[in-house]
Amino acid sequence: MKFLKYFLYLILGLVVVFFAIGFLKPSVSYGHEITVNKPIKEAWAVQQDATKYDQWLEGFKSIDLISGEKGKVGSTYKVVVKPEEDQPDFEMIETLVAKKDFESIQLSFDSDMMLFEQTTSFSEVDGKTKIKTDSKVSGKGMVMRSMFALMELFGGSFQAQEVKNIEALKQVIEENQTDYDVST
């Protein structure tokens with residue numbers, strides 16, 4: 001009987017700790033920085049080219065304009081990704097929050113389980129382009145907040161995915177053969 005009592009206390013304690021983690025760390029912030037051997041206007045154009053998203057965003061399936069004017073602040077899109085082969089598609093609503101051509105773009109993503117914000121900044125030094133991301137994910141509800149905090153704490157899941165995607169973007173930019181009209 002004592003064993004059962006202590007076992008229940010242990011379970012209760014773990015549940016309290018789990019929710020406390022989400023309360024203390026309601027969001028996870030992360031980012032990555034690369035330097036590509038291309039001028040800023042070309043790097044910007046490649047990063048903005050939706051036909052290349054599947055080459056550097058792991059699991060990307062589609063993006064469709066829902067409202068607003070494509071590429072303009074305030075426009076919204078339905079984004080579909082497939083996290084893993086054996087998992088169902090995951091849908092998010094993307095909003096273009098801010099955009100300064102060849103400098104930065106700020107996006108907000110909303111899904112059933114999370115809010116995700118990302119700012120990507122561009123700067124040019126000696127003909128090369130530095131691209132830096134600053135991202136923040138917040139779970140909707142205490143369970144998701146706790147899960148996200150634990151995922152980052154014990155596995156660095158969000159940071160690792162960011163590194164993988166942005167390093168893939170570097171390769172796509174550096175191997176780019178598309179001739180973009182970047183005269184503006």
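Leu 107 stands opposite Gln 118 in S6, and in S5 this leucine is also the bridge partner of Leu 96. The strands are DSSP runs of E with at least two residues, and the helices are runs of H or I with at least four residues, both numbered from the N terminus. The model is predicted, with pLDDT of at least 70 required for local features and pLDDT 80 or more for side-chain atom pairs, whereas totals for chains, interfaces and linings use all residues. Residues are numbered from 1 along each chain as its sequence is written, and side-chain values rest on heavy atoms, with hydrogens and water left out.

Strand S4 (residues 90–100) and strand S5 (residues 104–110) run antiparallel and are joined by seven bridges, two strands being taken as paired if DSSP finds at least two bridges between them. S5 and S6 likewise pair in the antiparallel sense, over seven bridges, and form a hairpin with three residues between them. The hairpin of S4 and S5 also has three residues between the strands. In the loop between S4 and S5 lies Phe 102, which has a positive phi of about 65 degrees although it is not a glycine. At 19% relative accessibility, Phe 102 counts as buried, where buried means under 20% relative accessible area, exposed over 50%, and partly exposed in between, with a 1.4 Å probe and protein chains only. A positive phi, of about 55 degrees, is also found at Asp 126, again not a glycine, in the loop between S6 and S7. Asp 126 is exposed, its relative accessible area being 77%.

Helix H5 (residues 157–174) comprises 18 residues and reaches 26 Å from its first C-alpha to its last, close to the 26 Å expected at 1.5 Å a residue, the expected span being 1.5 Å times one less than the number of residues. Within H5, Phe 158, Glu 162, Asn 165, Ile 166, Leu 169, Val 172 and Ile 173 are buried. Seen down the axis of H5, these buried residues fall within an arc of 110 degrees, so they line one face of the helix; the arc is that of the directions from the helix axis to the C-beta atoms. The elements that cover the buried residues of H5 include strand S1 (27–36), helix H2 (40–48), helix H3 (53–56), strand S6 (114–125), strand S7 (128–139) and helix H4 (142–155).

The largest nonpolar core has 34 residues, of which Met 92, Met 114, Ile 131, Val 137, Phe 148 and Ile 173 touch the most other members. Such a core is a set of buried Ala, Val, Leu, Ile, Met, Phe, Trp, Tyr and Cys residues joined through side-chain atoms within 4.5 Å. With residues up to four places away in sequence not counted, Ile 131 touches His 32, Glu 33, Ile 34, Val 36, Ala 43, Thr 120, Ser 121, Phe 122 and Ile 173, contact meaning heavy atoms within 4.5 Å.

Ser 138, in strand S7, is buried with a relative accessible area of 17%. Apart from neighbours within four places in sequence, Ser 138 is in contact with Pro 26, Ser 27, Met 113, Met 114, Leu 115 and Phe 148. Gly 141 is placed in the loop between S7 and H4 and is partly exposed, with a relative accessible area of 36%. The C-alpha atoms of Gly 141 and Lys 100 are separated by 33 Å, the two residues being 41 residues apart along the chain.
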